[in-house]
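This report describes a structure shown as sequence and coordinates. Please keep both at hand while reading.

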Amino acid sequence: MILPNGGPPLNRNIINTFFFYLYPLYQLGNPQLRIFRPSWFLTLVRPGKEQPQDTVQFRIPMEMTKYDVKNYLEKIYNVPVGVIRTRIQFGSNKKRNHLNQKVKQPDYKVAYVQLALGQTFTFPDIFPEKERAPAEGSMEEMQEKFMEDEKQRQKLDPRRGGVTEWFGL
Amino acid sequence: MAARTRLPLLFPRNLFPFRSQKLVHTEVSVKEPAYPPIVPSLTAKSKSARRRQIEEWVKKICTSSVEDKLSLITRIQREKFVVYPQTFARNADRWYQHFTKTAYIPGLPEKFTPGLEKTKAAVPGIDDDAFADIRSLVTRVILQEHWQFRKRKPFMYRHQEQVVGPFLRSLVSGLTYSLAKYNPLLQLSSLDLSPQVNFYWRRGQRIIPKGHRKRRLEPTRFQIDDRPHSQIRVTQQLPQFMPLEASHAAEVPEITLRPNVMPLFRRQYDNNIFTGAKLPDPACYGHTQFHLVPDRYHRDRMVRQQQADQVEVFLRANALASLFAWTGAQAMYQGFWNYEDVTRPFVSQAVITDGHFFSFFCYQLNTVALSVETDANNPRKNLLWGTESLRLYESVQDGEVVGLNDGVVKLLVQFFMNQP
C-alpha cells in the first residue's frame, strides 16, 4: 500500500495482516507469479470416417474458434499446426423417453487439425486384445480344461476328413 | 362314269417317273437358318441389359462428330467434385496427381536443360544480339511497371492483381511479338488474355452409402474451371518430350481416401469442356499458359501462417490442374475421349509467377482414359516436369533493375521458341 510521504506507515501490522487475505495486486513490472489456465478442454477422438495421415480430430467447446484452437495447440503443447477446419455436429433431438418426451443429445464442435512440417499421427489402439491365461490351479483353469475336453469329444474322427455322420451307417 | 380329274395346268418337274432324274444331277442346297444375333435385352432390368445400354451409348458416341461427342459426354448433370487449380488445401499436388494419373518429374526435360554448351548462343535459333534485345525488353517492362508508371499505392491484398498483373501482361505480349520473327509458329498464334479453360472427367468410383441409390457403384466426377492470366494457342502441335511407352514406368501416388477429405467440395452444374476458343478455331493446340499467384497464396503470407513448405506444393498443384485441363480439352477437341484414347501425346507448357519468382512447367498428356473401366489395363501415365521457383530480379533501385537473372530469361525465351 503506497502511503503519502511523511511519517512511518501507520499500523503496519494491521495493514499487512489485512492484505494477507487479498490477492497480491499486480502492477506493471512485478514478477508474474500466477498462471492463468484456459477453461477450455480439447478431446482427441478417433475419426469416424478415415482421415489422411496428417489430420487429427478433436472435440472442442462450442465457444472456441479455429484461431483459438491453433493458438492453444501451438502455445501450450508446442504442436506445429498447419490448417484447421471446424464444424458443429447437431446432437439428435429425435429419440423419446418413456414419457414420450424428446430427449436432446448435446451438440458439439469438431475440429480437424492438419499438422505442419510433414508430421503424421495415427490414433492409437486404446483397448488392445489381451491374452488372458487363467491362474494355475484356479477354478477358471479347470472349467476351461473341462470345456475343451467336451468340445474334443463332440468332434468326429479326423480320419473321416470332415465328412458328417450322415454319410455313414 | 369316269371321275373327272383335274389335270394340272403346268406339268410339274418332279412328277413320278421324272423325280429321280432331277435328284441325280442336281446338288442339295442347304439353306442356313438365319437367326438374329443373341444379345442381351436393351430395356430389361438386369445387369446385362445395363451393360448393353452402355455399349450402345459408347458406340453412338464413337460414330458421331466432335461437337456431338462433346455434347453427348457432357449432357447429363450429376454431382461432381470441383477441382480448383489454385487451392488452399495442404498437399494438394499429391491428391491432384492421383486424380489426373500424373507422375511428377523434378526438373525440365532435356530439351530445356543446357547439358553441354555446344553452341555459343544461349538459345538455339537466337543469336546474342537478339538475346540482348530480349533482355532489354524485359528490363524495360519491369521498370515501366515498378518505377516509371506513377501508380497510387495498391489497395490492401490487391498488389498482385493491380501491379503484377499488368506487368505480366505486357511482358507476355512483348515477348510474343518480338520472338514471332524467330518462331514462325507464333506468327499464326492467338494470345488470349484471361481465357476460360474447363475440363470434365471421371476417375475412380465409390459405393453410395445412403439414399435410394444405396449400395450401387457411382463413378467420381471432377470438373476444373480455370482462368489463367494469359495463354498462347497455336495451329500446330508441339513435339512430345518423351515417347508414350516410356511413361509406363512412371509412378503415380495412390490415395485410397475419398476426395472430400482433402477438402474438396461437390456441386452440380454444367459440365464444360473448353480450351479457350470454340471448336472451329484453327489454333486448337496449346503452347504456353501464364498464371499469376494471387495475393491470398503469396509466399510472404504463407510464411506468416507457418505454411512455408506449401508454397512449392501450391505452384505444382496449380500447374498440374491447369495443364491437365488444357491438354485434356485439346485432346477432346480432336475427338479423343475416355473410350478412344489419344494416339499421340498432347504437350503444353506453363509459367507461374508472382512477379519476382518464376516457375516453369511442362506437361505431356498420354492418356485420357481415366475412368474405372478403361483404366484397368491402361499402363500409360501423364507426365509433369517442373522447376523450383527461380528469382528473375533482385529489386528495382533508382531506375535500374538489380540482379537480373539471365538463366530465367533464357528459359522464358526457350519456352517461347518451342516449335515442332
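## Confidence

The model is predicted, with scores of ipTM 0.83 and pTM 0.85. In chain B the mean pLDDT is 90, and 92% of the residues reach 70 or more. For chain A the average pLDDT is 87, with 87% of the residues at 70 or above.

Where pLDDT is low, the predicted coordinates should not be read in detail.

## Chain A

Chain A contains 3 helices and 4 strands. Along the sequence these elements of chain A come in the order α-β-β-α-β-β-α. The chain has 169 residues, and 18% of the residues of chain A count as buried. The accessible surface of chain A is about 15200 Å², and carbon and sulfur atoms account for 57% of that surface. Taking contacts in chain A between residues at least 6 apart in sequence, 51% join residues at least 24 apart.

A:Pro47 sits in the loop between strand 1 (43–45) and strand 2 of chain A. A:Pro47 and A:Pro134 are 87 residues apart along the chain, and 35 Å separates their C-alpha atoms.

## Helices 2 and 3 of chain B

Helix 2 (residues 47–62) and helix 3 (residues 66–73) of chain B have axes that come within 9 Å and cross at roughly 145°. Which residues make this contact? From helix 2 of chain B they are B:Trp57, B:Lys60, B:Ile61 and B:Cys62, and from helix 3 of chain B they are B:Lys69, B:Leu72 and B:Ile73. By type, the residues of this contact are 5 nonpolar, no polar and 2 charged.

B:Cys62, one of the residues in this contact, is partly exposed at 28% relative accessibility. Another cysteine, B:Cys284, has a relative accessible area of 14% and is buried, because that value is under 20%.

## Backbone and loop residues of chain B

Two residues of chain B other than glycine have a positive phi. B:Tyr157 has a phi of about 60° and lies in the loop between helix 5 (128–148) and helix 6 (159–179) of chain B. B:Asp398 has a phi near 55°, and its place is the loop between strand 13 (395–397) and strand 14 (400–402) of chain B. B:Tyr157 is partly exposed at 49%, whereas B:Asp398 is exposed at 67%.

A cis peptide bond, with omega about 10°, joins B:Met262 and B:Pro263. B:Pro263 belongs to the loop between strand 6 (230–234) and strand 7 (266–267) of chain B.

B:Asn183 lies in the loop between helix 6 and helix 7 (184–187) of chain B. Its relative accessibility is 0%, so B:Asn183 counts as buried. Beyond four places in sequence, B:Asn183 is in contact with B:His287, B:Phe416, B:Met417, B:Asn418 and B:Gln419.

B:Pro420 is in the segment after helix 11 (406–417) of chain B. What does B:Pro420 contact beyond its neighbours within four places in sequence? The partners are B:Leu185, B:Gln236, B:Gln237 and B:Pro239. B:Gln236 and B:Pro420 are 184 residues apart in sequence, with 7.7 Å between their C-alpha atoms. B:Pro420 is exposed, with a relative accessible area of 54%.

The table lists relative accessible areas for several of the residues above.

| Residue | Relative accessible area | Class |
|---|---|---|
| B:Asn183 | 0% | buried |
| B:Cys284 | 14% | buried |
| B:Cys62 | 28% | partly exposed |
| B:Tyr157 | 49% | partly exposed |
| B:Pro420 | 54% | exposed |
| B:Asp398 | 67% | exposed |

Technical notes: Residues are numbered from 1 along each chain as its sequence is written. Chains are lettered from A and ligands numbered from 1 in the order in which they are written. This is a predicted model: local features need pLDDT of at least 70, side-chain atom pairs count only at pLDDT 80 or more; totals for chains, interfaces and linings use all residues. Side-chain values use heavy atoms; hydrogens and water are left out. Axes are lines fitted to C-alpha atoms, for helices over the stretch in contact, and angles run from 0 to 180 degrees between N-to-C directions. Contact means heavy atoms within 4.5 Å. Ala, Val, Leu, Ile, Met, Phe, Trp, Tyr, Cys and Pro count as nonpolar, Asp, Glu, Lys and Arg as charged, and the others, Gly among them, as polar. pLDDT is the predictor's confidence in each residue, from 0 to 100. Buried means under 20% relative accessible area, exposed over 50%, partly exposed in between (1.4 Å probe, protein chains only). Accessible areas come from the Shrake-Rupley method with a 1.4 Å probe; for residues, only the protein chains shown count as cover.
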